[in-house]
Amino acid sequence: MKKILIVLIIIVSGFSVSAQSRLLPNLLTVQYGGGIGWMSVGLGYKNQSDKLNVSLLYGYVPPNQGGRLDIFTLKAGYNPFNINVYKGIRWKPLNPVVFISYTTNKYFYTSWPGSRYPDDYYWWSSAFRSHIGVQSSIAFNLPQKACARSVSMYVEMSTNDLYISSYLSNTKYLSLYDISVLSAGVKLNLR
Amino acid sequence: MKNIYYIIAFTLFISLLAGCEKFESSPNQAHDNNTPRHINQRNIDKLLARADQDDTIRIVFTGDSQRYYDEAELLVKKVNSMEDVDFLIVAGDLTDFGLRQEFEWINDIFSGLTVPYISAIGNHDVIGNGKKTFEYMFGVDNFSFVYKRTKFIFHNTNSREYHFKGNIPDMNWLAQECQPQPGVEYIVPVSHVPPYDGDFDKNLEQSYAQTLRNTKGLLISLHGHHHHTNDQYPYEDGVRYLNSNAVDKRVFMLLEIYNGKVHKTPVSY
């Protein structure tokens with residue numbers, strides 16, 4: 001709970017920085033699924049050309065979805081293609097993403113407690129997951145008066161280190177589809 | 001403009017086609033809306049409903065299926081080709097990382113068995129939200145049932161995961177379960193970590209061994225965790241302890257219980 005408060009304070013203080021400041025995040029993301037929360041919200045930055053972006057997200061998994069879980073995710077994306085499909089509408093068909101998620105809850109460990117386990121008893125960390133995926137998004141320009149420059153919608157397919165490890169030793173039973181996870185989200189490109 | 005709608009419609013369609021369960025909240029979520037439930041109890045019910053007049057119990061004994069899906073499929077195929085098997089026992093460690101997805105994958109494979117399968121909880125199944133998932137999908141970690149006058153006592157012996165606090169295994173519960181009762185002639189305890197292992201609570205080892213020693217009709221104590229078959233009398237007190245092979249070893253033990261004797265045959269797959 002403390003950790004969540006700290007991050008909320010950081011986010012709020014981010015907003016309170018003056019509008020001229022380059023520190024102000026210019027990306028607001030709301031995502032459904034994708035292995036980082038039932039719903040997650042985050043703030044981030046993208047560069048001028050809109051090719052690179054990085055965000056910090058907070059994800060929540062409610063008890064009725066096998067939670068409660070509170071997950072923080074650092075996510076980076078790259079948009080190599082930017083196709084003008086219509087006036088003010090752009091399609092970014094294939095955008096690689098990488099992200100690291102951190103599950104903060106009890107029973108999830110960054111490093112296994114030495115008081116309980118000998119060294120290397122388990123080889124992975126249960127709190128940290130690294131993920132890799134690909135997004136496809138459509139961005140719509142917004143009118144001058146709007147608080148955001150554009151809004152984009154995306155779908156994403158990703159997987160994580162432990163699923164890849166499961167797949168690699170079981171290529172007969174598991175397919176790449178089996179280890180894939182979907183998400184859908186909306187991004188606001190803030191002014 | 002029309003093109004856009006096509007693209008949106010197409011993406012949405014693909015997402016819907018993939019089904020909601022692909023929108024995973026977290027690999028660490030204990031369950032989702034489609035996670036199966038009460039697997040152990042449903043399989044026990046199926047076993048007890050078997051109209052089998054013969055008094056031999058034939059058990060396929062395996063364990064540690066953790067991340068051995070390809071081999072587990074071969075095991076299922078082999079078991080399904082055999083006759084007169086009553087049920088299959090997994091001596092814990094269904095999963096490697098304690099993840100919901102792993103529990104669902106292995107259940108998907110073992111659900112293909114023509115006989116019921118019943119599983120103990122292993123130390124890997126406890127990790128993270130694993131204990132919650134095991135309880136949600138399989139049921140409680142300490143349970144028992146009586147089949148052909150033999151009582152099978154499945155219980156949690158993963159002491160290390162509980163800081164060796166003296167509560168795992170639950171000795172009071174176990175002692176209660178080992179009491180003589182009408183209709184029960186023999187007793188077979190099943191758990192993951194054997195008492196002679198470093199992951200078992202040292203303070204409970206002697207009382208555990210003693211409880212089994214003093215149990216009337218105790219046939220054999222079944223365990224996993226070591227990944228290879230180990231059939232021994234470690235306390236030289238007449239109590240036989242048997243460790244299962246892990247699923248990747250591609251050999252399981254067929255246990256035939258008849259007239260107070262346990263006969264063991266390795267079967268490769």
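The accessible surface of chain B comes to about 11000 Å², by the Shrake-Rupley method with a 1.4 Å probe. Carbon and sulfur atoms hold 50% of that surface. This is a predicted model, where local features need pLDDT of at least 70, side-chain atom pairs count only at pLDDT 80 or more, and totals for chains, interfaces and linings use all residues. Residues are numbered from 1 along each chain as its sequence is written, chains are lettered from A and ligands numbered from 1 in the order written, and side-chain values use heavy atoms, without hydrogens and water.

Stay with chain B. It has eight helices and 11 strands; these are DSSP runs, helices (H or I) of at least four residues and strands (E) of at least two, numbered from the N terminus. The radius of gyration is 20 Å, close to the 18 Å that the globule rule gives for 269 residues, so chain B is as compact as a globular protein of that length. The radius is taken over C-alpha atoms, and the rule is 2.2 Å times the number of residues to the power 0.38. The C-alpha trace spans about 80 × 45 × 35 Å along its principal axes. Of the 269 residues, 60% count as buried, meaning under 20% relative accessible area (1.4 Å probe, protein chains only).

Now helix H2 of chain A, residues 161-168. Which residues are buried there? Leu162(A), Tyr163(A), Ser165(A), Ser166(A) and Tyr167(A). Their cover includes strands S7, S8 and S9 of chain A, together with helices H3 and H4 of chain B. At the N-terminal end, Asn160(A) is the cap: a side-chain oxygen lies 3.0 Å from the backbone nitrogen of Leu162(A).

How values were computed:
Buried means under 20% relative accessible area, exposed over 50%, partly exposed in between (1.4 Å probe, protein chains only). Contact means heavy atoms within 4.5 Å. A polar contact is a pair of N or O atoms within 3.5 Å; within protein, one must be able to donate a hydrogen and the other to accept it, and residues adjacent in sequence count only if both atoms are side-chain atoms.
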